[in-house]
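Biologist: Hi! I'm new to this one, could you walk me through it?
Modeller: Happy to, let's bring it up.

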Amino acid sequence: TNRTFTMIKPDAVENGHIGAILEKITAAGFRIVALKLTQMTVADAQEFYAVHSERPFFGELVEFMSRGPIVAAILEKENAVEDFRTLIGATNPADAAEGTIRKLYATSVGENAVHGSDSDENAAIEGVFHFSGREMF
Ligand code: ATP
C-alpha cells in the first residue's frame, strides 16, 4: 500500500465537481488519508510548481492555481501514484481516455480539473506541503 497526493483544481471547484470527483476517487478504491478545502497564494503556487518555472505556461499556471479554492487530499491504495494517474487521464482532456476524471471534468490542457503526483517521492513532498501530521489519518 502506498500514497499519492491530489488537488481538485480551481476550475473543477468553480464548476461544482468536488462531489463527483471524490466519488470517482473512492469508487476506484482509494482511501482518503487527508482532505481539505484550501487556497494557494501566488507564492505557494510558484513553490509547488517550481519544477515548471522555465516552462512558457508557468505564469498562467500559477495564476490559475491560486485564483480560487482547491481541494487538497492524500490518497492511499496499492500502486497509488500510477493507478491515480490512470484514473485522471492525460494532461490534455482532448487526449484523455473515456471515463477518466479529466475527460469528464477538465476544461483545457491548463484548466484540467485535477493534479496527481508523478512519483512516490513527490507524493510525500506534496502531501507535507499542504498538510500537518495532525491532519493525516
Ligand atoms: P499535474 O502535475 O497537474 O498532475 P501533469 O503531470 O499531467 O499534471 P505537467 O506536464 O506536469 O502535467 O504539467 C503540470 C500542469 O501544468 C498541468 O496539469 C496543467 O495544469 C499545466 N499545463 C501543462 N501543460 C500546459 C500547457 N501547454 N498550457 C497551459 N498549462 C499547461
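Biologist: Where does Ala113 sit?
Modeller: Ala113 is in the loop between α6 (101–105) and β4. Keep in mind that this is a predicted model.

Biologist: And what is its phi, positive or negative?
Modeller: Ala113 has a positive phi of about 75°, although it is not a glycine. Most residues other than glycine have a negative phi.

Biologist: Is Ala113 buried or exposed?
Modeller: Ala113 has 27 other C-beta atoms within 10 Å, so it counts as buried; the cut-off for that is 20 or more.

Biologist: Which loop holds Asn79?
Modeller: Asn79 is found in the loop between β3 (70–77) and α5 (80–88). Its phi is positive, near 60°, and Asn79 is not a glycine.

Biologist: Switching to the ligand, what surrounds it?
Modeller: The residues around the ligand include His52, Phe57, Glu60, Leu61, Asn112 and His115. Asp118 is another one of them.

Biologist: Which elements supply at least two residues of that shell?
Modeller: α4 (58–65) and β4 (114–116) each do.

Biologist: How many of the shell residues are nonpolar, polar or charged?
Modeller: The shell has 3 nonpolar, 6 polar and 2 charged residues.

Biologist: Last one: where is Glu23?
Modeller: Glu23 is part of helix α2, residues 18–27. Glu23 has 11 C-beta neighbours inside 10 Å, so it counts as exposed.

Biologist: How many Å apart are Glu23 and Val42?
Modeller: Their C-alpha atoms are 29 Å apart, and 19 residues separate Glu23 from Val42 in sequence.

Definitions and conventions. Residues are numbered from 1 along each chain as its sequence is written. This is a predicted model: local features need pLDDT of at least 70, side-chain atom pairs count only at pLDDT 80 or more; totals for chains, interfaces and linings use all residues. A residue is near a molecule or strand if its C-beta atom, placed from the backbone, lies within 6 Å of it. Helices (H or I, at least four residues) and strands (E, at least two) are DSSP runs, numbered from the N terminus. Ala, Val, Leu, Ile, Met, Phe, Trp, Tyr, Cys and Pro count as nonpolar, Asp, Glu, Lys and Arg as charged, and the others, Gly among them, as polar. A residue is buried if 20 or more other C-beta atoms lie within 10 Å of its own, exposed if 12 or fewer, and partly exposed in between; C-beta atoms are placed from the backbone.
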